[in-house]
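Student: I have just opened this structure and would like to understand the words used for it. Could we go through them together?

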Amino acid sequence: NWTNVLKPADYDGTRALQFAYDDPSVMLAATQGTSGGFGPPSAQTKRKPATVYKTTDEGKTWTEIKIPPFPGRVALAVAMHTGGKRIYIVGNNIENGSGLYRSDDGGDNWQHMAGKDVRISNGQGAYSSGVYVDSQNPDVVYTMSTAMYRSTDGGATFEPFKGAPGGEDYHKLWIDPSNGNR
């Protein structure tokens, strides 16, 4: 039997479920925020930010954690070998810069990463998003957009890794949990 253990009020459900491979009792789940659609906002448009919930007891109880004010979709990644402490979140560009933030304390505090590099964000206006962390090195991070980008310094800087910034349209990446080079 299935039991619904997380039903955020005023949201249709959650997405982007992630867990800490080295501490599976730690899991994160994000709601789908709304940016109000295309064009300028109207008086009838009710925008809802994405929200993130965290559990440290294998999903029995969930607590909302404070994240940057992302409109639309976000993606999450929990770095291995950090006890669930290092978390990456990517969404639309905010604060006149990238859409990538990193927490090194399990989501209590967030640092804006990649500076003003607007390539590092939700791709295609929140249509696609993704952030992935190397299975052996928590400083190697990948983001998805019209190209795939890689950072080897914990998200401070990025270089194109695969594809041309012209529409390759990447959506997913798999990294072998036992071998980050595979």
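Student: Are Glu-58 and Lys-60 buried or exposed?

Tutor: Both Glu-58 and Lys-60 are exposed, and that word calls for a relative accessible area over 50%. Keep in mind that this is a predicted model.

Student: What makes the contact between Glu-58 and Lys-60 a salt bridge?

Tutor: Their side chains meet at 3.7 Å, N to O. The structure holds 5 salt bridges.

Student: Which parts does the salt bridge of Arg-86 and Asp-139 tie together?

Tutor: This pair meets at 2.6 Å, N to O.

Student: Why is Arg-86 called buried, and why is Asp-139 called partly exposed?

Tutor: Buried means under 20% relative accessible area. Arg-86 has 13% relative accessibility, so it counts as buried. Asp-139 has 29%, so it counts as partly exposed, a class that lies between the 20% and 50% limits.

Student: What about Arg-102 and Asp-104?

Tutor: They form a salt bridge too, with their closest N and O atoms 2.9 Å apart. Arg-102, at 12% relative accessibility, counts as buried, while Asp-104, at 38%, counts as partly exposed. Salt bridges that share partners join Arg-86, Arg-102, Asp-104 and Asp-139 into one network.

Student: Now the strands. How do you know that E2 and E3 pair?

Tutor: Pairing needs at least two bridges. E2 and E3 have 4 bridges, in the antiparallel sense, so they pass that test. Among the facing residues, Met-27 stands opposite Thr-55 and Leu-28 opposite Lys-54. On to the next strand: E3 and E4 pair over 3 bridges, also antiparallel, and Lys-54 stands opposite Thr-63 there.

Student: What makes E1 and E4 the edges of the sheet?

Tutor: The open sheet has the order E1-E2-E3-E4. E1 and E4 each have a single partner strand, so one side of each is left without a neighbour in the sheet.

Student: Which way do the residues of E3 point?

Tutor: Val-52 and Lys-54 point one way, Tyr-53 and Thr-55 the other, and all are buried. In a regular strand, side chains alternate between the two faces of the sheet.

Note on methods: Residues are numbered from 1 along each chain as its sequence is written. This is a predicted model: local features need pLDDT of at least 70, side-chain atom pairs count only at pLDDT 80 or more; totals for chains, interfaces and linings use all residues. Side-chain values use heavy atoms; hydrogens and water are left out. Buried means under 20% relative accessible area, exposed over 50%, partly exposed in between (1.4 Å probe, protein chains only). Helices (H or I, at least four residues) and strands (E, at least two) are DSSP runs, numbered from the N terminus. A salt bridge is a side-chain nitrogen of Lys or Arg within 4 Å of a carboxyl oxygen of Asp or Glu.
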